[in-house]
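Subject: Structure for you to look at

Hello,

Here is the structure I promised you. Please open it and keep it on screen while you read on.

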Amino acid sequence: MKLPIYLDYNATTPVAPGVADAMLPFLREHFGNPSSSHPFGRLAAQAVAEARSQVAALIGARADEIVFTSCATESNNLAPLGVARDLGNTKRHLVVSAIEHPAVMAPAKHLQDKDWDLTVVPVDEFGRVSPEAIARALRDQLHVLLIDAIPGLILNGHPDQRLPNTLHISFPGASGRRLLDQASHIVAASLGSACHSEHDAVSGVLAAMGADSVRATGAVRLSVGAMTTPDEVSRAANGLIDAWRTVASL
C-alpha cells in the first residue's frame, strides 16, 4: 500500500536512527529494572545515570535537576502541580495564557478548584501574549506561578509568528475534516491540537485568537520533519488544493 505524505510531525515522529541504535541494546539484552540490585538492574541504572548527566551537560544543568518522565503531558502536569504540592496548604496565584496546551490548562483549572487564584491572559489574533497583559495580571505579591505561553499556531501562516516546522492554514468553504478525508490518499495531516486532531470542535487556540467559525472549521495543521522533502511539500500542497476545490464545489 502506498502511504500518503506524512505532514503530522507535531503529533509524533519516526524514531531517529541514532536514538534507535542507542536504545536497541536495552530492548534486547540490557533490559533490567534500574531499581533492581542484580547485574541486569545495575547496568540499566548506570545507563540512566549516564543519560541524566549527558542531558544536564547539554543544557547547563546539574544531573540531580534532570527528571525523566514518560511523556510531555506528565512533564506539563508536574510543573504547576509539583510546585503546588511543595507549597502544601499555601494557596498562590497562577497565570496562564488562553492558548495553553490542555496538559497545562487542565492542572491549572484543577488548582483553581483547590482554591488557587487563576488568571487566564488573552492573546491577540496572531496568538501573541502582550507584556502589558502579563503585567496587568501580576499582583503585588510575588507569590505567582507564571506558565510561559507557547507561541500559537498561526492561521494562514504569518512567517514571523509561525512555529518553525508548522503551518496552520484555513481553507474557506470546506471543513478541515472533509478536506483531509478527501486528500487522505495524498497527505496525512491533522486538525487543531496534535492531541485532539480527531475532534471536530473548533480549536481552543483558534477560538482564543478570535478566528470565526468559518475560518476555524476550515483549518488544517501541517507540520514537517527532518525527513520531509521539498518535493513532498509541493505534492502535498497541490493535493490539498485539489481536495479543497472538490469539497468546496459539493
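Which residue just after H2 takes a positive phi? Gly60 does, with a phi of about 70°. One caution before the rest: this is a predicted model.

**The whole chain**

The protein chain has nine helices and seven strands. It holds 250 residues, and 29% of them are buried. Its accessible surface comes to about 15,200 Å². Carbon and sulfur atoms own 57% of that surface. Now take contacts between residues at least 6 apart in sequence: 67% of these join residues at least 24 apart.

**Helix H2**

H2 covers residues 39-59, which makes 21 residues. From first C-alpha to last, H2 reaches 31 Å. At 1.5 Å a residue, 30 Å is expected, so the two values are close. Gly41, Ala44 and Ala56 of H2 are buried. Look down the axis of H2: the buried residues fall within an arc of 110°, so they line one face of the helix. On the other side of H2, Arg42, Gln46, Ala57 and Leu58 are exposed.

Here is the rule behind such faces. An α-helix has 3.6 residues a turn, so residues three or four places apart point the same way.

**Helix H9**

H9 runs over residues 230-249. Its 20 residues should span 28 Å at 1.5 Å a residue, and the end C-alpha atoms are 29 Å apart, which agrees. Which residues of H9 are buried? They are Ala236, Gly239, Leu240, Ala243 and Val247. Seen down the axis of H9, the buried residues fall within an arc of 105°, so they too line one face. Pro230, Arg245 and Ser249 are exposed on the other side of H9. What covers the buried residues of H9? The cover includes strands S1 (5-6), S6 (187-188) and S7 (219-223), along with helix H6 (176-182).

Find S2 at residues 93-97. Five of its five residues are buried. Both faces of S2 are covered. His93, Val95 and Ser97 lie on one side, Leu94 and Val96 on the other. S2 runs parallel to strand S3 (residues 117-121), and five bridges join the two. Val95 stands opposite Thr119 in S3. How does the chain get from S2 to S3? It passes through helix H4 (residues 102-113), and this β-α-β crossover is right-handed.

Best wishes

Note on methods. Residues are numbered from 1 along each chain as its sequence is written. This is a predicted model: local features need pLDDT of at least 70, side-chain atom pairs count only at pLDDT 80 or more; totals for chains, interfaces and linings use all residues. Side-chain values use heavy atoms; hydrogens and water are left out. Helices (H or I, at least four residues) and strands (E, at least two) are DSSP runs, numbered from the N terminus. Buried means under 20% relative accessible area, exposed over 50%, partly exposed in between (1.4 Å probe, protein chains only). Contact means heavy atoms within 4.5 Å. Accessible areas come from the Shrake-Rupley method with a 1.4 Å probe; for residues, only the protein chains shown count as cover. Two strands pair if DSSP finds at least two bridges between them. A crossover is right-handed if, with the strands pointing away from the viewer, the path from the first strand over the helix to the second runs clockwise. The arc is that of the directions from the helix axis to the C-beta atoms.
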